[in-house]
Number of protein chains: 2
Amino acid sequence: MSTILLSNARLVDGRRVNIFIRDKFIGAVAPASEPAGAMSLADRVIDCSNFCAVPGLVNAHTHAAMTLMRGVGKGLSLQSWLNMIWGIEANLDPESIYWGSKLAILEMIKCGTTCFNDMYWYVPQVREAVEDMGTRALLNYVVLDGGDAARGLAQRDECLKVAEMSRGWSDRVTLGIAIHADYTVNEDNMLWAGRTARELGAKLHVHISETEHEVNDDIAKYGKTPVRHFDDLGLIDSNFIGAHGLWLTDEDIEILGSRGASVVHNINSNLMLSSGYRFKYNELRDAGVNVCIGTDGCASSDNQDVRESMKTMALLQHAWRNDPQAMPLGELLDVATVNGARALGINAGRIEEGALADIALVNMRTPELVPDIDFLSNFVFAANSSCVDTVICNGRIVMEGRKVAGEDEILAKAEEQAWKLMKKAK
Amino acid sequence: MSTILLSNARLVDGRRVNIFIRDKFIGAVAPASEPAGAMSLADRVIDCSNFCAVPGLVNAHTHAAMTLMRGVGKGLSLQSWLNMIWGIEANLDPESIYWGSKLAILEMIKCGTTCFNDMYWYVPQVREAVEDMGTRALLNYVVLDGGDAARGLAQRDECLKVAEMSRGWSDRVTLGIAIHADYTVNEDNMLWAGRTARELGAKLHVHISETEHEVNDDIAKYGKTPVRHFDDLGLIDSNFIGAHGLWLTDEDIEILGSRGASVVHNINSNLMLSSGYRFKYNELRDAGVNVCIGTDGCASSDNQDVRESMKTMALLQHAWRNDPQAMPLGELLDVATVNGARALGINAGRIEEGALADIALVNMRTPELVPDIDFLSNFVFAANSSCVDTVICNGRIVMEGRKVAGEDEILAKAEEQAWKLMKKAK
């Protein structure tokens, strides 16, 4: 059992504390002014005089391996771009998925993210990448039949096989089930996915109400919104994680709130794709929805930087509501930490005794964090994510002094895999 | 006369070149495949195999020393916040201005910015900071009488004294004149400022059409928009640099275009303060306006990161126009480089023979820049500004390996000065 003492760390609220990490958990958080006592016998003591300890950020919606498609088809029309992406995706293989996921996780670590919620192909290889990198993830097996019954049945079989495999996974990686969206999965498979998730005790991760077009289509086809559609099928409960939720009606918000569901805002992706920007954070929060934040995949949003997304989210709330006080920063931190952890079913996102030891140490000797008048404002609005110096996940150091083990190999392999895919797609 | 060879540098367009810097200028740009010849005798050779050479970014509107107010009063109402900022500004002194400006310049260098356009108090101290840091700036003496005739006259005297001093400045620093805004300066002083700028051959830097309120006030008071007001006073020509221009009419845009004026977009500040976000980039460009980008001061926009502002600008153009192709990236790079340089009257912003040697070297071995399918998209949308490894200004290296001379002292002094001001303001 390893122990780490984070000595004299600043917390977001300004307190100075000693944080004692025992195995995977935060064993104690005590005022730095008190004698460290037995804590000082930790295997490793990190002097945090110049560090602020922030809960590890949670990226609650992504398609990690899409880092390999970063920058592809920029400037093309939506349809040409989609065709290009699909052409590349058709050639994905276990090796490309592994290295693309590792690149995504490397980026996440460098930005202080310790946990992510993935929706992509080749779950076993994504899992391998997560295990190797030392972070945490909910990996969702994607059900996407595209109206092809045989494909749907094959996915059911494969999903159950992956569920069987998942019994052997470390406790840092959990299996969930994804319904890609109600416009790509038939109702039978939606129901099967929901039932199976319930049987497995798994989360259900879906794309929902991302574009106005999608909502209008559902109304034309089913006479109801996507949220009503999912809810009428009995799929929305506290294990439901809806990505986007950008075009929700008041009734949708009420349904999501009354079911205790989670909604993940992906503002950078929404802006990049011109999907919309009037995300109803206040209304969702007030209705009891657990609001989280995500980056989406790099084909649409370019990076895996949750901290940067926090800034964009706050700025857009200020903008569309015409209110510079629209987004309280304490709530924004919760959105990016404890709310994400709650959605994913893990006891993290807070620096307190008993929580999982998922922590980012922010270097206060960073120009953008000076002067230290309001740390949280500076962290969100002024800094770039290179202020994160050290990252601990599950009680283990995964980055120190901005160095991550094996990063040169990851960059080289990911570059190679991306070009392999690009060439095949041509 | 010192010489530097940037050997085998990647350019934004993908070419591999040797860049030969002779004294302050780029002496030659030649294909890397050709023998370097005499270039290889340079005093210093930098292997740029892993670097992309980007023109130094130009921050075309800021109030540099306001870094000292970073994070102040966040969450307060606009009026309480303004009162707090004014309370602090009342206690500014030469020492705080010097260290606040140095902190701003340090941040700019770290983000690849080599030149800025400042509008703030104590120009001689800002100038000292610029000279010491090795970058370039247009420093505008601020005329702001607030309706106080005596204050206006005193400013005229002081402005002429600073103009006299400016003869002794290095060629990296130029004096301009700022009319703070037409709602804070009486017409006599506006006319004096315009006349004096013309006599000195100086730029005229103003705040204009930042808020809808400001435009409506002018219409109520003068029966015309701020742009028409300035233009009717004969103040708009090719030396005119208007900051914000967020609420322009079609006629305003036509006036600005026909005069060959520059307009500086400050999107992060506009979003933070809920001033608006429908910046008419396309219309301004098409009318012949020289569009630039700025960060504004850190009291409103928190950092001095022009690259980050480029991303926000592009995303907001996508969003409000509902068009994911709204902002061509090549034009965006021009906005942040050569257009800014043109506005400030310097021959920079391009990596080509004869231009000033203001260059940022971007480290391609950065996770967010992998894969290298579209460098410019990755630089704008994926990276954070810590990808900038080395910065050259006026042919001199001002940052190398992300280290800037004296940075620890700057952080310590700026922190101290900020708290000195905070305490006095209470």
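This is a predicted model: local features need pLDDT of at least 70, side-chain atom pairs count only at pLDDT 80 or more; totals for chains, interfaces and linings use all residues.
Q: Which residue of chain A is joined to Pro371(A) by a cis peptide bond?
A: Pro371(A) has its place in the loop between strand 14 (359-363) and helix 15 (375-382) of chain A. Its cis peptide bond has an omega of about -5 degrees, and the partner is Val370(A).

Q: What is the value of phi of Asn322(A)?
A: Asn322(A) has its place in the loop between helix 12 and helix 13 (329-336) of chain A. Its phi is positive, in a residue other than glycine, and lies near 55 degrees.

Q: What rotation superposes chain B on chain A?
A: The superposition has an RMSD of 0.0 Å, and the shift along the axis is 0.0 Å. The relation is that of a two-fold axis. The same surface serves both copies, as 100% of the contact residues of chain B recur in chain A. The rotation is 180 degrees.

Q: Which strands of chain A are the edge strands of the open sheet of eight strands?
A: The strand order in chain A is 6-7-8-9-10-11-12-13, with parallel pairing. Neighbouring strands of this sheet are turned by 25 degrees against each other on average, direction ignored. An edge strand pairs on one side only, and this applies to strand 6 (57-62) and strand 13 (290-293) of chain A.

Q: Why is one side of strand 6 and of strand 13 of chain B left without a neighbour in the sheet?
A: In chain B, eight strands with parallel pairing form an open sheet in the order 6-7-8-9-10-11-12-13. Strand 6 (57-62) and strand 13 (290-293) stand at its edges, so one side of each has no neighbour in the sheet; the reason is that each has a single partner strand.

Q: Which residue in strand 10 of chain A stands opposite Ile179(A)?
A: Strand 9 (residues 173-179) and strand 10 (residues 204-208) of chain A run parallel and are joined by three bridges. Across this pairing, the residue opposite Ile179(A) is Val206(A).

Q: At what angle does helix 5 of chain A run to strand 9 of chain A?
A: Helix 5 (residues 187-200) of chain A lies across strand 8 (136-143), strand 9 and strand 10 of chain A. Its angle to strand 9 of chain A is about 160 degrees.

Q: At what angle does helix 13 of chain B run to strand 13 of chain B?
A: Helix 12 of chain B lies across strand 6, strand 7 (113-119), strand 12 (262-265) and strand 13 of chain B, at about 80 degrees to strand 6 of chain B. Helix 13 (residues 329-336) of chain B lies across strand 6 and strand 13 of chain B. Its angle to strand 13 of chain B is about 80 degrees.

Q: Which helix of chain B supplies at least two residues of the lining of the largest pocket?
A: The largest pocket has a volume of about 1500 Å³. Among the 50 residues that line it, Trp81(A), Leu82(A), Tyr183(A), Glu210(A) and Leu273(A) are the closest to its centre. Helix 1 (78-89), helix 6 (212-222) and helix 11 (298-301) of chain A each supply at least two lining residues, and from chain B so does helix 12 (306-321).

Q: How many charged residues does the lining of the second largest pocket have?
A: This pocket has a volume of about 1300 Å³. Its lining comprises 41 residues, and Leu82(B), Trp86(B), His180(B), Tyr183(B) and Glu210(B) lie nearest its centre. By class, 18 are nonpolar and 13 polar, while the number of charged residues is 10.

Q: Which element gives the most to the lining of the largest cavity?
A: About 90 Å³ of space lies in this cavity. Its lining divides into four nonpolar, four polar and four charged residues. Helix 9 (267-272) and helix 12 of chain A, together with helix 12 of chain B, are the elements that give two or more residues. With five residues, the element that gives the most is helix 12 of chain B.

Notes. Residues are numbered from 1 along each chain as its sequence is written. Chains are lettered from A and ligands numbered from 1 in the order in which they are written. Side-chain values use heavy atoms; hydrogens and water are left out. On a 1 Å grid over the protein atoms alone, a cavity is a set of points where a 1.4 Å probe fits but cannot get out, and a pocket is an open set with protein on both sides within 12 Å along at least five of seven lines; lining residues have an atom within 4 Å of a point. Grid points are joined across faces, edges and corners, and a volume is the space filled by probe spheres set on the points. Helices (H or I, at least four residues) and strands (E, at least two) are DSSP runs, numbered from the N terminus. Ala, Val, Leu, Ile, Met, Phe, Trp, Tyr, Cys and Pro count as nonpolar, Asp, Glu, Lys and Arg as charged, and the others, Gly among them, as polar. Two strands pair if DSSP finds at least two bridges between them. Axes are lines fitted to C-alpha atoms, for helices over the stretch in contact, and angles run from 0 to 180 degrees between N-to-C directions. Contact means heavy atoms within 4.5 Å. Copies are superposed by least squares on the C-alpha atoms of residues with pLDDT of at least 70 in both.
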